[in-house]
Amino acid sequence: MKKTSFPWWQNKAAYQIYPKSFFDGSGDGIGDLPGVLSKLDYLKDLGVDILWLSPVYPSPMVDQGYDISDYYGVDPRFGTMEDLDALIQELKRREMYLVMDLVVSHCSDRHRWFQEAIRDPAGKYGQYFYLKPGRNGGPPNNWRAEFGGSCWDRLPGSDLYYFHTFAKEQPDLNWENPEVRREICDMVNWWLDKGVSGFRLDAIINLKKDLSFRDGPADSPDGTCAVSKMLPQTTEIGAFLNQLKQECFLPHDAFTVGEVYSITRERVSEFGGPEGYFSTLFDFAHFLADHRGVFWYQHKPFDFRSWRDAIFRSQENDSVFLANVLENHDRPRSPGIFLPEGDEGYEAVTAMAALSVLLRGIPFLYQGQEIGMRNGDFRTVEDFEDLNTHDQYRAARAAGLTEEEAMAVCRRHSRDNARTPMQWTGGGHAGFTTGTPWFPVNPNYRELNVEADAASARSVRGWYKRLLALRKDPEWEDALVRGGFRPAFREEAEIFAYWRTGEESGKRILVLCHYGRGTASVPFAEPFRVLMNNYDSLESREGRLRLDAYQVVVLACGAGEQEEV
């Protein structure tokens, strides 16, 4: 019987590097490409196959590199193009792959295209952006940018306004213009020809605009409407994304993962999967489970059932092999989001790891996640670098929150939590740099670092390494990579459990976790073998399994398995 062929990336594990904070090879306090290169063996040993590199292109760094001024270069802060070429070659030598960030919904206002648009708004490059006359002495509409303020700013030296979804220094590109699309496709193919294996597509849902630019329903006291409420209403984005797929991704067999928020469940397969525009999509449903408004202060505290059930709903839609994440550069550290305060110990962190890595889909880790890094230590709003955090702080204060209440919201939700330097050692600056780090190191680095974790009998990194190895084990790959997903014990209040079942092998694996304090038990009478357990033992008695606080077990189940407890 001929075996079904699968995409080359499907049994891989990915790891995101935020270069500025990963490892400094030059001693100037900023992480760089030589620093990444020096840690490839560390990543290979962990079980990483695909390296997603956040932007290293030339940039004024208004939005930490997501404001690109040259799509064909490397910012001197991070090294040289020769360094990047060396990284590509060394990854290939280790049978690893490089995925770059593709940020093409907008560019930097320092990009040559925008500078030419300023010089001649009626010329060729004026058509590369959305330029509109104002309305009644103000912006063309009431849309509010992601980082606060109007989505429109005056084009210097002109009466026209230009559109920006994010910061005013990040003008949106006009994808209605075929010349823009041609420029982008040529650039994408240039990188793929160089040896890059694929792209993470940043804010890609933003490419298509409602060209009427009508006002949106006000959701703020100032009468503005969040731009995020307006962009997903457009459904004609397919022509743009399909051009990228047909002209760039398919010919190179590239791996692509889309950052796609706010699409309905029915549209998931339109964007990801065999018939979609991208190989896969990030599953953000569990991040959004506590959202009750556009501002952070409106979000609800962590609720286990909402979180678990959001993941279940995504997994039960088997049309797309999703990208599963607990952390990235735009989110706080996962212990600060998905655990009640005070429950951030080894058992809870390893429980989260198992529940995420063994889901159906490709696992994505973020730097430091593998040792359980925590949120940063921010005392005042001035401690934050992130533009969005400052806007959210202002919104919270304007809504009547006290200084301490507004700061508590920002400490919990700011993406700066994920941008503190990687904690390698308990030595100076956590071993990140011999210079002065660009951003303060989390003070807990003396106890929580790669070296200390490796020396511990309860190593979080060791647990992640075993999870990634189990997922690739030939005995279990059919179940854990290509197998189906089915929730288990769904009615239990603090149980997060699911089945993974191989279609060809028929092997059955139960991932079972008591996600809470105290103890819990579930009825389970069939034979099993323990493959992984974050405790030393598992109690099985009278047809029930007893689980301690945040205990997670991975059980091979069925008639051929011998019970081990």
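**Stop 1: the second largest cavity**

Select Tyr18, Pro19, Lys20, Ser54, Pro55, Gln64 and Phe78: these residues line the second largest cavity. Its volume is about 50 Å³. A cavity here is a set of points, on a 1 Å grid over the protein atoms alone, where a 1.4 Å probe fits but cannot get out; lining residues have an atom within 4 Å of a point. Grid points are joined across faces, edges and corners, and the volume is the space filled by probe spheres set on the points. The lining divides into 4 nonpolar, 2 polar and 1 charged. Nonpolar covers Ala, Val, Leu, Ile, Met, Phe, Trp, Tyr, Cys and Pro; charged covers Asp, Glu, Lys and Arg; the others, Gly among them, are polar.

A word on the model. It is predicted, so local features need pLDDT of at least 70 and side-chain atom pairs count only at pLDDT 80 or more, while totals for chains, interfaces and linings use all residues. Residues are numbered from 1 along each chain as its sequence is written, and side-chain values use heavy atoms, with hydrogens and water left out.

**Stop 2: the largest cavity**

How many cavities of 30 Å³ or more does a search of the whole structure find? There are 3. The largest cavity has a volume of about 90 Å³. Select its lining: Asp283, His286, Trp307, Ile311, Asn324, Val325, Leu326, Met352, Leu355, Ser356, Leu359 and Phe496. These residues divide into 8 nonpolar, 3 polar and 1 charged.

Now colour by element. Helix H8 (304-316), strand E12 (323-325) and helix H10 (346-357) each supply at least two lining residues. H10 gives the most, with 3 residues. Helices (H or I, at least four residues) and strands (E, at least two) are DSSP runs, numbered from the N terminus.

**Stop 3: the second largest pocket**

Next, an open space. A pocket is an open set of points with protein on both sides within 12 Å along at least five of seven lines. The second largest pocket has a volume of about 610 Å³. Of its 27 lining residues, the closest to the centre are Pro7, Trp9, Gly273, Pro274 and Ser279. Select those five to find the middle. The lining holds 12 nonpolar, 7 polar and 8 charged residues.

Which helix gives the most to this lining? Helix H6 (residues 238-252) does, with 3 residues. While there, pick glutamine 243, which is found in helix H6. Glutamine 243 counts as buried because its relative accessibility is 17%. Buried means under 20% relative accessible area, exposed over 50%, and partly exposed in between (1.4 Å probe, protein chains only).

**Stop 4: a lysine without a salt bridge**

Go to lysine 12, in the segment before strand E1 (14-17). Lysine 12 is buried yet has no salt bridge. A salt bridge is a side-chain nitrogen of Lys or Arg within 4 Å of a carboxyl oxygen of Asp or Glu. The nearest side chain of opposite charge, aspartate 49, is 5.7 Å away. For charge, Lys and Arg count as positive, Asp and Glu as negative; His and the chain ends are not counted. What does the side chain of lysine 12 reach? It reaches the backbone oxygen of tryptophan 8, at 2.9 Å.

**Stop 5: salt bridges**

The structure holds 43 salt bridges. Visit these:

- Aspartate 75 and arginine 77 meet at 2.8 Å, N to O. Aspartate 75 is buried, at 4% relative accessible area, whereas arginine 77 is partly exposed, at 31%.
- Arginine 333 pairs with glutamate 327, the closest N and O atoms being 2.7 Å apart. Both residues are buried.
- Arginine 482 pairs with glutamate 477, with 3.4 Å between the closest N and O atoms. Arginine 482 is partly exposed, at 23%, and glutamate 477 is buried, at 15%.

Then select Asp63, Asp330, Asp386, Arg415 and Arg419 together: salt bridges link them in a network.

**Stop 6: two positive phi angles**

Most residues other than glycine have a negative phi. Phenylalanine 489 has a positive phi of about 50°. Find it in the loop between strand E14 (484-488) and strand E15 (495-501). Tyrosine 550 also has a positive phi, about 55°. Tyrosine 550 sits in the loop between strand E20 (544-547) and strand E21 (552-557). Tyrosine 550 is buried, at 7% relative accessibility.

Key: Polar contact = N/O pair within 3.5 Å; in protein donor to acceptor, adjacent residues only side chain to side chain.
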